[in-house]
Amino acid sequence: MIKKFIRKILGVKNSAESGKANPKPTVLTAKEHGINPKLVSANAIRVTQTLQENGFKAFIVGGAVRDLLTGVKPKDFDIATNATPEQVKRLFRRAFIIGRRFQIVHVMFGQDLLEVTTFRGPSNDAAPKDEHGRVLRDNTFGEQHEDAARRDFTINAMYYDPASQTVFDYHGGIKDIRKKTLRIIGVPEARYREDPVRMLRVVRFAAKLQFDIDAATRAPIAVMAPLINNVPAARVFDEMLKLLTSGHAMACLQQLRKEGLHHGLMPLLDVVMEQPLGEKFVTLSLANTDERVQQGKPVSPSFLFASLLWHQVLEKWDAYKAAGEFPIPALHLAADDVLNAQTDALAIQRKIGADMRDIWAMQPRFEKRVGKTPYKMLEHQRLRAGYDFLLLRCASGEIDAEIGEWWTGFINGDAEQREKLINTKPKASGAPAAKKRKPRRRAPNKAKAEE
């Protein structure tokens with residue numbers, strides 16, 4: 001009785017009903033759904049056709065259908081089928097079974113990767129879970145309508161058959177797309193407990209699609225946000241990377257803060273965003289990332305995270321220098337502190353962490369614009385990333401814009417232009433630091449000479 005009352009107050013009743021496995025979907029014809037067949041990947045058609053020719057059901061599913069319905073060409077195509085992973089693997093030359101929690105098949109065509117999943121059955125109560133209710137392994141296969149009930153959001157639970165150009169909608173996804181509403185399938189509390197990463201996905205989709213989050217879907221997030229701490233850090237990192245490379249990174253971060261999900265993911269982000277220079281730097285960095293994504297250009301995860309964490313490094317760097325450390329060792333100590341703290345929360349991969357260190361470590365070297373140092377910088381494998389980072393610092397007002405202008409001229413100039421820049425005395429922006437260090441280096445030598 002009490003549970004019914006609570007669900008009534010929270011408005012969960014309708015969500016619970018929507019999560020039931022409905023065997024009769026709404027079927028939309030080509031005229032009704034309006035999907036442009038030219039936006040469908042030829043390899044996705046090839047996979048569905050091969051499976052169907054071998055007696056299996058096969059559909060394009062999930063975000064690809066959602067994008068097709070909104071007239072957007074999907075970046076990735078996922079396939080759902082009633083064939084088991086082993087049966088799928090036998091039909092394709094380059095197919096690999098992966099996954100522990102739920103087995104899927106990666107089918108490769110050159111560099112094009114398609115993810116093929118077997119229809120999932122009802123959640124098994126006997127499936128291994130952790131103490132918080134997160135499902136650890138669940139390889140229960142089922143029917144198409146049961147698979148639809150297992151998907152996270154109504155807008156991601158539609159199936160498209162390229163052969164008949166028909167869409168199967170089990171949970172009112174087409175209505176939610178038209179209403180621009182993001183709604184979870186089933187009881188939100190239970191779905192978030194099964195997989196807390198869904199809370200991050202809510203934020204990403206809401207920001208990316210500019211959809212409103214359904215009230216019942218949003219209600220438990222603030223209370224259940226700490227469950228994300230129980231998710232393997234590698235999964236959180238992958239989801240954060242998707243969020244930040246969605247083409248709407250700033251909107252995603254703002255939505256994270258609005259829902260109270262940023263704690264533990266980006267410690268001190270609030271502090272950075274409250275500081276004029278920090279906020280401008282992060283805003284410029286994310287705007288640059290969004291622009292690259294929207295232009296179809298690659299985005300470097302190391303550059304992105306180096307930008308987001310720079311002002312934490314900067315704060316610690318200043319603290320170490322104030323404590324008496326020399327600038328370069330102080331910077332390395334600051335980088336160690338920040339990366340060690342973030343590794344626990346985000347599992348930043350070693351290669352990405354190493355690239356972030358390189359980008360940060362190059363910054364003081366850009367101020368040395370005499371002798372052979374600038375020429376050595378041209379040979380640095382991370383020069384372009386370090387230089388772009390320097391320009392962000394200039395644009396945000398952190399350092400003098402003249403430094404960025406000098407390096408732009410030096411990198412793009414010929415031998416004569418570079419020599420001229422080297423011989424031109426830099427403005428006072430970088431000089432004071434060098435003058436302060438010289439007396440400290442000479443002092444010991446003078447003492448020895450007197451002895």
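What share of the contacts in the protein chain with a separation of 6 or more comes from residues 24 or more positions apart? The figure is 67%, with contact meaning heavy atoms within 4.5 Å. This is a predicted model, in which local features need pLDDT of at least 70 and side-chain atom pairs count only at pLDDT 80 or more, while totals for chains, interfaces and linings use all residues. Residues are numbered from 1 along each chain as its sequence is written, and side-chain values use heavy atoms, with hydrogens and water left out.

As for the overall make-up, the protein chain has 24 helices and 10 strands; these are DSSP runs numbered from the N terminus, with helices (H or I) of at least four residues and strands (E) of at least two. Of its 451 residues, 47% count as buried, that is, under 20% relative accessible area with a 1.4 Å probe, protein chains only (exposed is over 50%, partly exposed in between).

Now for the sheet. Eight strands form an open sheet in the order E1-E8-E7-E2-E3-E6-E5-E4, with mixed pairing; two strands pair if DSSP finds at least two bridges between them. Strand E1 (26–28) and strand E4 (95–98) stand at the edges with a single partner strand each, so one side of each has no neighbour in the sheet. From one strand to the next, the twist averages 30 degrees, taken between axes, which are lines fitted to C-alpha atoms (for helices, over the stretch in contact), with angles running from 0 to 180 degrees between N-to-C directions.

Strand E2 (residues 58–61) is covered on both faces, with Ala58 and Ile60 buried on one side and Phe59 and Val61 buried on the other. E2 pairs in the antiparallel sense with strand E3 (residues 78–81) over four bridges, and isoleucine 60 has isoleucine 79 of E3 as its bridge partner. E2 also pairs with strand E7 (residues 158–161), again antiparallel, over two bridges, and here valine 61 stands opposite tyrosine 159. The chain of partners carries on: E7 runs antiparallel to strand E8 (residues 166–169), joined by four bridges, and tyrosine 159 stands opposite phenylalanine 168 in E8.

Over to the helices. The axes of H13 (residues 233–244) and H17 (residues 301–322) come within 11 Å and cross at roughly 90 degrees. H13 and H17 are therefore roughly perpendicular to each other (65 to 115 degrees; under 35 counts as roughly parallel, over 145 as roughly antiparallel and the rest as oblique). At this crossing, Phe237, Leu241 and Leu244 of H13 meet Pro301, Leu304, Phe305 and Leu308 of H17.

Leu244 turns up again in the largest nonpolar core, which has 92 residues; Leu51, Leu244 and Trp360 touch the most other members. H17 gives the most to this core, with 10 residues. Such a core is a set of buried Ala, Val, Leu, Ile, Met, Phe, Trp, Tyr and Cys residues joined through side-chain atoms within 4.5 Å. Leaving aside neighbours within four places in sequence, leucine 244 is in contact with Ala249, Leu253, Leu286, Thr289, Leu304, Phe305 and Leu308. Ala249 and Leu253 are among the buried residues of helix H14 (residues 249–259). Just after H14, glycine 260 takes a positive phi of about 75 degrees.

Elsewhere, threonine 217 is found in helix H11 (residues 215–218) and is buried, with a relative accessible area of 0%.
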